[in-house]
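Here are some comments on the model, written as numbered points to be read with the structure in view.

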Amino acid sequence: MSELAVRAEKLDAADELVGLRSQFVLDEVVYLDGNSLGALPVGVPGRVEDVVRRQWGELRIRSWEESGWWTAPERIGDRIAPLVGAAPGQIVVGDSTSVNVFKALVGAVRLAEGNGGGRDEILVDATTFPTDGYIAASAARLTGCELRPLEPAEVPGAVGPRTAAVLLNHVDYRTGRLHDLPGLTSAIHDAGALAVWDLCHSAGALPVGLDAHGVDLAVGCTYKYLNGGPGSPAYLYVRSDLQSRFDSPLPGWNSHADPFGMSPSYAPAPGALRGRVGTPDILSMLALEAALEVWDGVSIDSVRAKSLALTDFFLECVSAYVPEGRVESLTPSAHAERGSQVALRCADAGAVMERLIARGVVGDFRHPDVLRFGFTPLYVGFGDVERAARVLGEVLG
C-alpha cells in the first residue's frame, strides 16, 4: 500500500462526516460527478412511493391541504435557507434555474428603476454557464437595457451609475474558481445597482452568507450538492426588505394574493410567495424535501473544511501519480478562490474520461479539454480521492 493510500485511510478514520456516506445509495464506483448530479439519498425512494401511492393514490386532491402540497415551495425553501445563510421566508422553491434567473434579473432591473431613472445596463459574467448568458441577453432586450459581458474581477471597475443589475456565478462551472461574493456584492451596492448571484455550484458545498453579505437576489439548482434528483426544482431568493417591491416578470395564479379568487387582475402575494408562478411539480419537489433530510444536524462549515481537505489531497495525489506535463490544474490553489471541484486540462480529455469511467472513476468532461472532478463531502472519502488520482495516473501513464 502506498504512503498516500495509508494517509487516506487515516484521514477517513478521522473524518467527522464519514457516517453520512451510509445515507446515500452508493456502490464500488468512485463518484466524483456530484457537481452535476448528486447521489441518491436512501430515504428518497420510500418517500416518493408514499407520495405516489398514498398521497396521490389514496388522498388524491385532498393532499394539496392534508399532505402539505400547497405550502411545499416555501416550506422546502426554508429547509434550504440555512445552507445558503438565509433567514426563513426569503426562498421559494419551484421552476428551473433558468426560469428563476429570468425572474431574478428582470425583477432586479425593475427594482433598480424604482431607485431612480437612468439605469439601462446589465452586467453579466462573461464566463457564466451559457443559459445565464442567454437569459441575460433576453432580459436586456425586454427591459431596454444594454448587456455588457465581463470577467467577474472587472466588475468593481465597470459598475456605475448606468448599471441596474449584475448577474454573477458564485463558482465557475468550468474551472471551479470561487468568486468573491462579499467583495463584489459590496462594489455593486456602492454603485447603486443590484446583485444577482447564481449559486448552482456553491450551495451545499460551502458557506454562502446571503443575508450576511446583503445579496439582493439569488438562484440555484438542487440536483447537484443538494442531491435532489434529476430535474429537481430550483429556488429563488429575494431579500426580505425587497420583497414588497419585487415585481416578477412571470406573475401566475400561484403567486396571487388570492389564488383561488380567479380575479382577472393580478395582486401579488406577500413575501417570498411572489416568486411562485404555476402549479408546483409535486413529485420532484417532495423527493427534494426527503433528500434535504440528510442535512439535519450537518454544519456547512464542516462540509467546507472537508471539501478543501479533499481537493487539497486530490491535487497532491495527482501530482504524485500523474506523469509530469500530462495535466494542468485550472482550479485555483488558494482556498479562498476554490469551490468544491477540481478541473484539469488534458489534451485528450474526452477519451481519458471514457477510460476513467470504464475503470470505475466517474467525473465528467467539458469541451474541449477539461476533466472535471466534483467532491461532495457528504459521501466522498479520502480513499475515493486517492483511488481516483491513482487510476488517472495509470490511464495517462
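**Helix packing and cavities**

1. In this predicted model, helix α4, which covers residues 72–80, packs with helix α9, residues 282–291, at an angle of about 25 degrees, and their axes are 10 Å apart. Since angles under 35 degrees count as roughly parallel, α4 and α9 are therefore roughly parallel to each other. The crossing that α4 and α9 make is left-handed.

2. As for the residues that bring these helices together, α4 contributes Ala-72, Pro-73, Arg-75 and Ile-76, which meet Met-285, Leu-286, Leu-288 and Glu-289 of α9. Sorted by class, the residues of this contact between α4 and α9 comprise 6 nonpolar and 2 charged, with no polar ones.

3. Turning to empty space, rolling a probe the size of a water molecule over the atoms shows where it is left. In this model the count comes to 2 cavities of 30 Å³ or more.

4. The largest cavity, with a volume of about 40 Å³, is lined by Arg-21, Leu-26, Val-29, Val-30, Tyr-31, Tyr-379, Val-380 and Asp-384. Its lining holds 6 nonpolar and 2 charged residues, and no polar ones.

Definitions and conventions:
Residues numbered from 1 in each chain as written. Predicted model: local features only at pLDDT ≥ 70, side-chain atom pairs only at ≥ 80, totals over all residues. Heavy atoms only, no water. 1 Å grid on protein atoms, 1.4 Å probe; cavity = no way out; pocket = protein on both sides within 12 Å on 5 of 7 lines; lining within 4 Å. Points joined across faces, edges and corners; volume = space filled by probe spheres on them. Nonpolar A, V, L, I, M, F, W, Y, C, P; charged D, E, K, R; others polar. Axes fitted to C-alpha atoms, helices over the stretch in contact; angles between N-to-C directions. Helix = DSSP H or I, 4+ residues; strand = E, 2+ residues; numbered from the N terminus. Parallel < 35°, antiparallel > 145°, perpendicular 65-115°, else oblique. Left-handed = near helix turned anticlockwise from the far one by under 90°. Contact = heavy atoms within 4.5 Å.
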